[in-house]
Every structure is written in structure tokens, then in C-alpha cells.
Amino acid sequence: MGFKEFCFKKSLWLFHFGGASCNNCDIEILACLTPRFDVERFGMQLVGSIRHADVLLVNGSINQKDKVRLLELYRQAPKPILVVAIGACGCTGGIFAESNVFAGPVDKIIPVDAYVPGCPPKPEAIIAGIVKLLNKKPAKQKTA
Amino acid sequence: MSKIIPIGPYHPLQEEPELFKLYCEGEIVKDIKWETGYNHRGIEKLSESKTFDQVFFLVERVCGICSTSHPFAFANCMEEIGEVEIPDRAKYIRSIIGELERIHSHMLWFGLAGHFIGYNTVFMWVWKYREPVLDLFEMITGNRNSYAMFKIGGVRRDIENNKIGKIKETLDLIRKKTDMLIGAVMDDPVIHARTKGVGILTKDDIINYGAVGPTARASDVAIDVRHDNPYAAYPLVNWKIITAKEGDVFAKVEVRLLEILESVSIIDQCLEGLKKEKEGEIETKVKAIPEGIGTGRAEAPRGEVFHFVKTNGSNYPERHKIRAPSYVNIATFKKSCIGQTISDATISLAAVDPCYCCTERLASVYDKDTGTKVFGGEELIKNSQQKTREIQKTILRNEH
């Protein structure tokens, strides 16, 4: 086992990027941290900087203003990094896909490792999605 | 010389993207500016391409936390245009959903406020007791958020009478736990020290800035759409507007916590009302929406939601304008944050319970004389890039 694989075995640290979303997925991600769901029992916690993170959670449709910043965040992230698209908007654009400011679903912008569909996905679904990432090899990284 | 402290756009403190710039001299905030647009989705434009039934699902996703107030206002608006009277059972169900949402939203805010001032215990506690409310939503509507309960002329699903017992049980739990929170938190000397006298908005400030909702009610301005322009079942039940005098953060906490208890009492009365109505009578059939204009208002957890719709006799809105409460409330930051220390500014910012996904607007510049559009976002970027290239050229030329 190499060092990088070892890092993804346990205790993934998450960074949350909220795109142009309706806030539902954001609060469901927060709900994952609270006593009923308690994602910390997997050693997972939200961190304040992308430079500390193993996983980038992206939710919401991405508009033109967000796109630039998402690319910049991805560039700053330590590689390899796992990317999770959360919610219908993150996966496909959802109801906002026809919008005039929509700049493409997340996987058109950066490579995505896991998709958690739902509007909004239940905290159980989010946890299930992230736990599946333990021991997973990240998708081929884009060198941006 | 003031230093700029940026908060955002993707800051661990906030779950939504927005950018605040605090202009500070030493510890004191001298000026504040904010920048939005990270959350813009073009909902008003999208709405024009959806049928009236579909618009409900779209406006529900204006904001996930207050995802009933927007359909509520839109339904009020369409029923004004179509002159539709809805059955009493539907009115009660609408009010129940609206008030449950107020409970979960106020609890959510209170938890986050606790987190902001460093009381993570409060955050964990309150969010724990918020879960039973979401369970109720799941039982009634099938989803924890975004309930899809509203339609023109009534509601989509009934609350069967056999569910009333379970709802009452949960309400008792919420009442008990809210009392506990009021006892535990409102008497805490540290919370008093952190929130009393912080971010004060006087009655005049509220009127000048046009603030709405709990922000206004905490400064002794008794403004509430449920009372001023009654809709749904609110005229049928007894309730009172909660106000406080001080206008500081503590008053806002107080107003929100007491409103939870008031909401519980409204739901109790609505459930009694439900028992008297016949099961299944939840909608009036609406055939077509005539040409016309209408306005609809509803009291969201954060204040007044306003919808304006112009119809042209077809199945689609011709123009749909939305004004969310945070849009007017965030302007009060100019008053509440300036003169505070940086550490107090965060809780002052959070005190109005700002919701940026409601508030997003797109800015574009128009020529004053000709009325033509001057710059959109892409043109501005192109313009800026061109300037860089020109500067590069001049520098290169000078070097050679």
C-alpha cells in the first residue's frame, strides 16, 4: 500500500463548496454532523481550508461566477483529491439546468468520483456516498 | 488607513457563498460592503418557461430552508388572479406546513447562532431536537425538505386524521424542549454578555431600511403578514405577534424562541380545526387562469415574501417577480455592524438570519441615455483582459 492509498483508508476530511444552490443540500450536509447522524464516528469532519481536505463536496448548480472559483479551488487542492457531487443540481444541474447562467454540471468542470442524487439527498444518502469513498482510488486527476 | 477583512465567498463560517468585506481600523469595523451573485440561478427567467403547476416546484427551490413560503406566496398570488376560494381543510393544512417550517427554520438559526458565538453544545442540542420536526415533514409530505404540498386551489396531499396523534406527540416534545432551551440559554450569563447591546437596530432604523420579519419585530415594530394581510387559516386561529423592545441580538433570539412556542400553539389549533373538516376535501378544481396581474404575500420565517405575477391567459406566467425578505434585511448590516468589534460583527451578520439564495440578483449596466446594455459579466472580463494585454504590450515596448 502506498502512502496515498493509506491516506484514504480512514478519517476523510471534507471541504464543502456550495455552488448556486437552494441551500437544502448545504443544511443536509450540516445535519450529517449533528447528533442523529454524527458523521464524525467515521473520523470525518468539515475543515476550513481546501488545503487540508481529502474530499471536496460540491453541491448546487454551478453558475458562471462559481465556475472560475471551483476551478481555482480544485487547482489549490492537494492531489489526489476525491470529489463528490451532491444533489440533483450537483449531478446534472437539476431544475436549473435550463437557466441562462448555468455553466455546466460539476463533472463537466472537474472530475467527479461519486454522485449522491436526490433533491435534497437525505443525510443517510450523503453518509452512504462518502463512506463508499473509503479505500477508493481517486479518479484520474486533471492537471489544471 | 483601514484594513479590509474578507469573509467569504467560501468561508467555513457560512454554508452559503457570499462575500463580506469588513473595513476595519484596529478592532473596530468602520464600513462594510457585500458582494453577491455566487448563488444566482435566474429563477425569475426560468419561471417564464414553466407552466403554473411546474412553477411551484421551481419557487420551492428559491430557498431550501423556507421552501414553503415561496409556494405559499405564489399560490396566494395565483388565487388572487383566478379568484379562487380554497376549502377550509386546505387552509389548515397550508398553515400547518407553514408553521412547522417556521419551527425548523428558527431552530436551525438558533443552532447556527450558538455555533457562531462558540457554543457548539447549543448547535448540537438544537439540531438534535430539530430532527423530529423533519420526521413529521417526512411523514406528511414524503420529504425532509422541499415538500411539494402546494397547488393552485389547494394542497396536493391530505393530513389524514389518524396522523394527528403523532403530530401532537411531536409538538409536545418540541414545546418541552423549547422551554428547556429558553431556560438553559436565556439565563446563561455568557450568552447575555455576548448578545446584549450587540448589533442594535432602533425602531427608526427598521423603518428607514424597510426591514421585515423577526428582525423588525425584535425592534418593537409589530409587522407580520399573517396579521396585516391574513391568508390561509391565520384568521381562523388565535395567536399574537411576538415583539421585543431592545433591537439587539438577544432580542432577536428571544423573539425567535417565543415564536416557536407560538407556532406550536397555531398548529395545535389548526389540528383541532382539521378534525372538524371532512377528510379528502383538499382542493378546488381550477380550469384556467385568466389574463391579469396579481400579488401574493406570505410570512416566511425571515419576513415577508412577495410575489408578483402577470399572466396573459396562457399556461405560463408572462412575468414573475420575487422579493425575498433577506433582500431588505441585509441592508441593515450598514447600521448594525459598523462600530462593533470584528468578533461581534459575525453574530450581528448572522442575527438577521440572512438567506442569500433568496436574495441573489444579477447586475448589468445600462446606458443612461440610449437604454442599451453596456456590459454583462463576460464583456467586463473581456474588457479587463484586454487592458492587461495592453499594459503588457506597453511594458514590453518600454523594455526594448
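1. Buried area is the accessible area, taken with a 1.4 Å probe, that two parts lose on being put together, summed over both. In this predicted model, chain B and chain A bury about 3200 Å² between them, and 59% of that area lies on carbon and sulfur atoms.

2. On conventions, residues are numbered from 1 along each chain as its sequence is written, while chains are lettered from A and ligands numbered from 1 in the order in which they are written. Local features need pLDDT of at least 70 and side-chain atom pairs count only at pLDDT 80 or more, whereas totals for chains, interfaces and linings use all residues; side-chain values use heavy atoms, with hydrogens and water left out.

3. The interface joins 44 residues of chain B to 37 residues of chain A by contact (heavy atoms within 4.5 Å). The rule finds 6 salt bridges across it (a side-chain nitrogen of Lys or Arg within 4 Å of a carboxyl oxygen of Asp or Glu). A:K65 forms a salt bridge with B:E35, with the closest N and O atoms 3.5 Å apart.

4. Which helices of chain B each supply at least two residues of the side that touches chain A? They are α1 (43-47), α2 (52-60), α4 (88-116) and α5 (120-141); helices here are DSSP runs (H or I, at least four residues), numbered from the N terminus. The most is given by α5(B), with 9 residues. By class, this side of chain B has 20 nonpolar, 10 polar and 14 charged residues. Ala, Val, Leu, Ile, Met, Phe, Trp, Tyr, Cys and Pro count as nonpolar, Asp, Glu, Lys and Arg as charged, and the others, Gly among them, as polar.

5. Within chain B, α4(B) packs against helix α14 (residues 342-351) at an angle of about 175°, with the axes 10 Å apart. Axes are lines fitted to C-alpha atoms, for helices over the stretch in contact, and angles run from 0 to 180 degrees between N-to-C directions. The pair is therefore roughly antiparallel (over 145 degrees). B:W109, B:A113 and B:F116 of α4(B) meet B:I347, B:A350 and B:A351 of α14(B); the contact has 6 nonpolar, no polar and no charged residues.

6. Within chain A, helix α2 (residues 24-33) and helix α6 (residues 123-131) pack at about 75°, with their axes 9 Å apart. These helices are therefore roughly perpendicular to each other (65 to 115 degrees). Their contact involves A:E28, A:I29, A:A31 and A:C32 of α2(A) and A:P123, A:I126 and A:I127 of α6(A).

Note on methods. Parallel < 35°, antiparallel > 145°, perpendicular 65-115°, else oblique.
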